[in-house]
Amino acid sequence: MSSKQGLSAPSEDSSSVNTHSKPSISSQAEDADPHQHSISRNGNWVGAVFNIMCISIGTGTMNLPSVVKRCGWFGIVLFVLMAVIGWYVGVLFRRCMYARPSRGRISSFALVAKEAYGKPGFWFATIITYWYCCGTVVSWIIVCGTQITKLLGYAGVSLDKKISMTIIALVMWVPFTLLKSLKEITVSSVFGVLTAMFTVIVLAVTALKHPYTESYHLPSFDSAPKHTFIIGAGIPSALASISFMYAGAVSFPHIEGNMKKPKQFGWMMFLANALVCGAYLLSAVPGYLAYGDQTLSPILNNLPNLPVVNAATILIILHVVCAAPVMLVAANLELELVFGVMQEKMGKLKEFLWRLFMRSLTIGILLAVSIAIPYFGEVIDLVSAISTTVVFFLVPVFCYVKLFGWNRIPRYELLLCFILAAVGAVACIWGLIDAVKSLKSAVQNNH
């Protein structure tokens, strides 16, 4: 399938334009100047794959077995389907970045929305991105604080979960407030991916070696677990949760902007999503197979106290501590630019003090939310329903249709966009209802 048909990644020679006809969507995208906004194209497709895997594979994988529990074995189909949709959305969004050749490459998620829908689009994308980034970090503070308290308990040390969360937040606060931009934060994507994959493999092997038995099971479960092929009512909320795993659209411009050969972005995305999907299935399938309808979120709560499990837990905590500043800086930079927190306007000292204040306030709010609602799975579901369904399904599709116009997009692609928008809307609304119900139940039962 050629790049003019929309679904495939642009080929290396697709930048040429047919002088006898109106240029296609793909070829117009390729003709834009990729060097606008002073981007640095010194990376390769291997590094881009690791960047996407590092962003995607993290603490959320510990929630995936419970996602399958929610919708049954049919969840495996959803994981594969969402990987394909994630690739397609990435291709569409890259076209949006080059939709205005005369104005050059559009350099961020929010600016693409602004190009399509003006200031309302910019503010909407900025707010939804901020919610996504901050909500993700809240889930990280919760799971890390909970697991630190649990690990110390194994060693005979009693530490309140709130104190553990506060310690994690303070550790995140230091690089987040002192380092100004992403260029100043050097986090190894390879280390992040290897850490996450080690954790996934440990969880999978441990779950298969220690499934439910009469001699080993959680006190609250006295009967063998049950498995279901499909649970229709759980599919929309499951879609919302899975979209949380693939919602990397906010980082696509930064990853693509670092690629020496940006035309490789399409098939690079396909490879990255295939690897990410494999990692997700490696986490989700053994967990649900071992514990069925008794699967908890995170899956760590189902596993026995073993040294290898504790080692995996420590590594994922380290991974989160390194990744959180990157996520928060990306979100806060947009707000700081909007409010004019720049050296050119304020001077070096005043700019630093305002940045310190804004970022300290952000960490303080996130810690307060984490302590108030310390429920990992429910928080991820809430963040997924409100933000990631919008980032994953809706914003790229609506921006694509708006920027290129109904008449210039093939009918089959318009149909695909309509289906994606409809699925995203259902997942957002239904997922939000389920998330609120689950969170309300967790708060009432304190569990």
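# Close-up views of a predicted helical chain

**View 1. Met82 sits in helix H4.** Welcome to a predicted model, in which local features need pLDDT of at least 70, side-chain atom pairs count only at pLDDT 80 or more, and totals for chains, interfaces and linings use all residues. Residues are numbered from 1 along each chain as its sequence is written, and side-chain values use heavy atoms, with hydrogens and water left out. Helices here are DSSP runs of H or I with at least four residues, strands are runs of E with at least two, and both are numbered from the N terminus. Met82 has 0% relative accessibility and so counts as buried (buried means under 20% relative accessible area, exposed over 50%, and partly exposed in between, with a 1.4 Å probe and protein chains only). Setting aside neighbours within four places in sequence, Met82 is in contact with Leu239, Ile242, Ser243, Tyr246, Phe392 and Phe393 (contact means heavy atoms within 4.5 Å). For Met82 and Leu239, the C-alpha to C-alpha distance is 8.1 Å, while 157 residues separate them in sequence.

**View 2. Helices H3 and H8 cross at roughly 160°.** H3 covers residues 64-71 and H8 covers residues 235-246, and their axes come within 8 Å. Axes are lines fitted to C-alpha atoms, for helices over the stretch in contact, and angles run from 0 to 180 degrees between N-to-C directions. H3 and H8 are therefore roughly antiparallel to each other (angles under 35 degrees count as roughly parallel, over 145 as roughly antiparallel, 65 to 115 as roughly perpendicular and the rest as oblique). The crossing of H3 past H8 is left-handed, a term used if the near helix is turned anticlockwise from the far one by less than a right angle, with right-handed used if clockwise. On the H3 side you will find Leu64, Val67, Arg70 and Cys71, which meet Ile235, Ser237, Ala238, Ser241, Ile242 and Met245 of H8. This contact of H3 with H8 comprises 7 nonpolar, 2 polar and 1 charged residues (Ala, Val, Leu, Ile, Met, Phe, Trp, Tyr, Cys and Pro count as nonpolar, Asp, Glu, Lys and Arg as charged, and the others, Gly among them, as polar).

**View 3. Helices H5 and H13 pack at an angle of about 55°.** The axes of H5 (residues 109-154) and H13 are 9 Å apart. H5 and H13 are therefore oblique to each other, and H5 passes H13 in a right-handed crossing. H5 brings Tyr130, Cys134, Val137, Val138, Ile141 and Ile142 to the contact, and H13 brings Thr362, Leu366, Leu367, Val369 and Ser370. Sorted by class, the contact of H5 with H13 has 9 nonpolar and 2 polar residues, with no charged ones.

**View 4. Aromatic rings pair up, with 9 such pairs found in the whole structure.** Rings of Phe, Tyr and Trp (its six-membered ring) pair if their centres lie within 6.5 Å; planes under 30 degrees apart count as stacked, over 60 as edge-to-face and the rest as tilted. Trp87 and Phe270 have ring centres 5.5 Å apart and planes at 85°, so this pair is edge-to-face. Trp87 belongs to H4 (residues 75-97) and Phe270 to H10 (residues 265-291), so the pair ties together parts that are 183 residues apart in sequence. Trp87 is buried at 13% relative accessibility, whereas Phe270 is partly exposed with a relative accessible area of 47%. Another edge-to-face pair is Trp354 with Phe357, with ring centres 6.0 Å apart and planes at 90°. Both of these residues lie in H13 (residues 348-372), 3 residues apart, about one turn of the helix. Trp354 is partly exposed, at a relative accessible area of 40%.

**View 5. Val321 is placed in helix H11.** This helix spans residues 307-338. Val321 counts as buried, with 18% relative accessibility. Not counting residues up to four places away in sequence, Val321 touches Ile168 and Val171.

**View 6. A cis peptide bond joins Ser297 and Pro298.** Omega is about 0° at this bond, and Pro298 lies in the loop between H10 and H11. For background, most peptide bonds are trans.
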